[in-house]
Amino acid sequence: MRRESGPPGSGTDGEADPVDTRLGARLSELRAERGWSLGELADRSGVSRSTLSRAERAEISPTAALLNRLCAVYGRTMSQLLSEVESAPAQVVRAADQPVWRDEASGFLRRSVSPPLAGLRAEIVEGTLEPYGDIAYDRPPVPGLEQHIWVLDGLLDLTVQSVTHRLAAGDCLRFRLWGPTHFHCPGPEPVRYALMVVLP
């Protein structure tokens, strides 16, 4: 997962991304807290032992789909997990301080506009998906999670509970999340949307 909030080119080829390193350590801690072996976590998440091991050692950058599976096992939203490897969020979150990361595999750019904060149940995320890009989540990170998706620019095909909705700029889809979801940008331009997540 390439960290985008720093200046371009700030990483060094061959070196683990600092966010990936902290994220890998946190994933290892979460597994250890539950007393699970890599094999047990693999059985619970459906992710191979080798992939889990490499993610914990920061040898790979986890994709959004992989993190979603782990969040489902650990009972966290993706933003909650990522916030645990960031500094504590402030009441005012300046644009320059909003954590941004990219899933290269799916062409997805994610900006945490309003990161999780203790005592608050909602968070706001800005997502950008490249033309013809896809993100498939096979399960919700937290069953019953409330989501509101407001398209800002472009077109988004969003499949929820086996129903596909074509959303254009200005359209909003709201639902509680119980099963798989699939995001697809039909192009020809990128799609940019705001996502509000509210814990049940």
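How many nonpolar, polar and charged residues does the lining of the second largest cavity have, by class?

**Entry 1: the model.** I worked with a predicted model, in which local features need pLDDT of at least 70, side-chain atom pairs count only at pLDDT 80 or more, and totals for chains, interfaces and linings use all residues. Residues are numbered from 1 along each chain as its sequence is written, and side-chain values use heavy atoms, with hydrogens and water left out.

**Entry 2: the second largest cavity.** I looked up the opening question and found 6 nonpolar, no polar and 1 charged residues in this lining. Ala, Val, Leu, Ile, Met, Phe, Trp, Tyr, Cys and Pro count as nonpolar, Asp, Glu, Lys and Arg as charged, and the others, Gly among them, as polar. The residues that line the second largest cavity are Leu27, Leu41, Leu52, Ala55, Glu56, Leu70 and Tyr74. A cavity is a set of points, on a 1 Å grid over the protein atoms alone, where a 1.4 Å probe fits but cannot get out, and lining residues have an atom within 4 Å of a point. The space in the second largest cavity is about 30 Å³, a volume being the space filled by probe spheres set on the points, with grid points joined across faces, edges and corners. H3 and helix H4 (64-74) each supply at least two residues of this lining, and H3 gives the most, with 3 residues. Helices (H or I, at least four residues) and strands (E, at least two) are DSSP runs, numbered from the N terminus.

**Entry 3: H2 against H3.** I then examined helix H2 (residues 38-45) and helix H3 (residues 49-56), which pack at an angle of about 110 degrees with their axes 9 Å apart. That makes H2 roughly perpendicular to H3, a label for angles of 65 to 115 degrees. Axes are lines fitted to C-alpha atoms, for helices over the stretch in contact, and angles run from 0 to 180 degrees between N-to-C directions. On the H2 side, Leu38, Gly39, Leu41, Ala42 and Ser45 meet Arg49, Leu52, Ser53 and Glu56 of H3, where contact means heavy atoms within 4.5 Å. The residues of this contact divide into 4 nonpolar, 3 polar and 2 charged.

**Entry 4: H2 against H4.** Which residues of H4 does H2 meet? I found that Leu41, Arg44 and Ser45 in H2 meet Arg69, Leu70, Val73 and Tyr74 in H4. This contact of H2 with H4 comprises 4 nonpolar, 1 polar and 2 charged residues. The two helices pack at an angle of about 100 degrees, with their axes 9 Å apart; H2 and H4 are therefore roughly perpendicular to each other.

**Entry 5: the largest cavity.** I counted 2 cavities of 30 Å³ or more in the structure, and about 280 Å³ of space lies in the largest. Its lining has 21 residues, of which Met78, Arg110, Tyr137, Gln147 and Leu195 lie nearest its centre. By class, this lining has 13 nonpolar, 5 polar and 3 charged residues. Elements that each supply at least two lining residues include helix H5 (78-83), strand E3 (108-114) and strand E11 (191-198). The most comes from E11, with 3 residues.

**Entry 6: backbone.** I noted a cis peptide bond joining Gly187 and Pro188, with omega of about 0 degrees. Pro188 is found in the loop between E10 and E11. Where does Tyr132 lie? I located Tyr132 in the loop between E4 and E5; Tyr132 has a positive phi of about 70 degrees although it is not a glycine.

Terms used. Parallel < 35°, antiparallel > 145°, perpendicular 65-115°, else oblique. 1 Å grid on protein atoms, 1.4 Å probe; cavity = no way out; pocket = protein on both sides within 12 Å on 5 of 7 lines; lining within 4 Å.
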